[in-house]
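Morning, everyone. I have one structure to go through today, so please look at the screen.

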Amino acid sequence: MQFDTYTYALFLPLVFFIYWGLRRHLKWQNLFLLIASYVFYGWWDWKMLGLIVITSLATYSTALFMRGDRSSHDKTWAAANIVLNLGILAVFKYLNFLRDSFVHLLGLFGLNPDWPTLNILLPVGISFYTFQAISYTIDVYRGDVKPTRDVVAFGVFIAFFPQLVAGPIERATNLLPQFLRKKEFDYDTAVIGMRQILWGLAKKVIIADSVGYYVDQLLYNPYYYAAPSMIWAGILFAVQIYADFSGYSDIAIGSARLLNIRLQPNFRYPFFSRNMKELWQRWHISLMTWFRHYVYFPLGGSRRGKWRTALNIMIVFSLSGLWHGADWTFVIWGTVNGLLLLPFVFMPRKRLSEHATWRELPQCLLTFFLFAMVFIAFRANGITHLGEICDVIVNGSWSQRPVFGQPVFYIVPFFIIEWLGRRQEFPLERLPFPTVVRWIIYWGLLAGISIASLDRNMQFIYFQF
């Protein structure tokens, strides 16, 4: 079930009213929320629900089997559950990738094994709920969170429908306690949630889908266009994926707010960052937080000297690239982003203000341009396609102007609104206008969403991860 469909527009109010109708009975409320989450996920393919159930029950049971003393007994149980979850992820997401890579490697030595490609369907959102389950196991092992005996509440923690498919990836320390205590309806929180859903839909339907149409056209056959058009395609795709993914996160966080459940922010206006380090502190925050806590810190973080810090950063970003997709283009994307971060390991630390100013816009534009050019590897359909795009950029003609198209008319107002609202969690959170003006804006956005959705229906990009 996608957020930008009429199905979800009916599903969410139904969940809202039943959920609050059960507010005096926490167990029934959680049970309903679990069923609703399974219905939401099963809307794509009910057969894949078995994987979520296996992940949930295995992780729940593992935590109860651990003693909480970091003994070899606890380490064995934790390791077993992590291997199980990573094994499921590897089979469904990386098996064919490993097969193709190994066959290619053997081909370099003149061997051509005839190994069949397995027809494995990638479950939607498997990378997200797998990482959430693993984080719970590690947190229980470390003693950061006590294992819950409420299997229903834990099932909701793993499968909570707003963030099940594409995050934010939540730690048990934040999300699980919210399912273990009674909640009261808060009108102001619900209103802000509705505004955030509206803004998320606007970003997805009006901006991301509209821009994505031109990205597909430009990158379908790179040799048909000149170098400036390929650079423009990279810029457009950076805008598309930001509007698409942050739009999803806004809808997820807003939907949770309607149930008085707080999810962590996943984006903080990353394109107004003054350098690559700041950008990665503002982009896909939940994933980078996960890697920081469960990979970077265990490797030693920044405590073992600058060269070891640099190595740890490269490991994190290479793994982050691989997490995003089973293709070497994603590994390249992650590795190059890591390389762009390395100078900040060896440079003196400079404290930046929380928000960029007008004078710092040139730095923001340069950072955005670097980020967008690297994101071309993220969008490429394999190494060959990436090579074609890079060949056009390096060796192609520069005499033709880029094919700008209509996206300019969407992008410029969008970034003006984001810039003016950058001191809030999202621009519509608190509008400093009279009631009439605010409602004109709301209805205008709804009209724009309705019109833009008539001729296209593009899936959220991060659903494939």
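I will start with the overall fold and then turn to the charged side chains.

Keep in mind that this is a predicted model. The chain has 19 helices and zero strands. Along its principal axes, the C-alpha trace spans about 70 × 70 × 50 Å. How does the radius of gyration sit against that of a compact globule? For 465 residues a compact globule would come out near 23 Å, and the chain has 23 Å, so the two agree.

Burial next. Of the 465 residues, 54% count as buried.

Now the charges. The chain carries 41 positive and 27 negative charges, and their mean positions lie 9 Å apart. Side chains of opposite charge can pair when their charged atoms come close. Over the whole structure, the search gives 11 salt bridges. I will show three of them.

The pair on screen now is Asp-139 with Arg-171, where the closest N and O atoms are 3.0 Å apart. Asp-139 belongs to helix α5, while Arg-171 sits in the loop between α7 and α8, so this bridge links distant parts of the chain, 32 residues apart. Are these two buried or exposed? Asp-139 has 0% relative accessibility and counts as buried. Arg-171 is at 19%, and it is buried too, because the cut-off is under 20%.

Next, Asp-216 and Arg-379 form a salt bridge at 2.7 Å, N to O. Asp-216 is in helix α9 and Arg-379 in helix α16, so the bridge ties together parts that are 163 residues apart in sequence. Asp-216 is partly exposed at 32% relative accessibility, whereas Arg-379 is buried at 16%.

The last pair is Glu-278 with Arg-282, at 3.1 Å, N to O. Both are in helix α11, and they are separated by about one helical turn because they are four residues apart. Glu-278 counts as buried, at 6% relative accessibility, and Arg-282 is buried with a relative accessible area of 6%. Which residues make up the network of salt bridges here? Arg-274, Glu-278, Arg-282 and Glu-360 are linked in it.

That is what I have. Questions are welcome.

Terms used
Residues are numbered from 1 along each chain as its sequence is written. This is a predicted model: local features need pLDDT of at least 70, side-chain atom pairs count only at pLDDT 80 or more; totals for chains, interfaces and linings use all residues. Side-chain values use heavy atoms; hydrogens and water are left out. Helices (H or I, at least four residues) and strands (E, at least two) are DSSP runs, numbered from the N terminus. The radius of gyration is taken over C-alpha atoms; the globule rule is 2.2 Å times the number of residues to the power 0.38. Buried means under 20% relative accessible area, exposed over 50%, partly exposed in between (1.4 Å probe, protein chains only). Lys and Arg count as positive and Asp and Glu as negative; His and the chain ends are not counted. The place of a charge is taken as NZ of Lys, CZ of Arg, CG of Asp or CD of Glu. A salt bridge is a side-chain nitrogen of Lys or Arg within 4 Å of a carboxyl oxygen of Asp or Glu.
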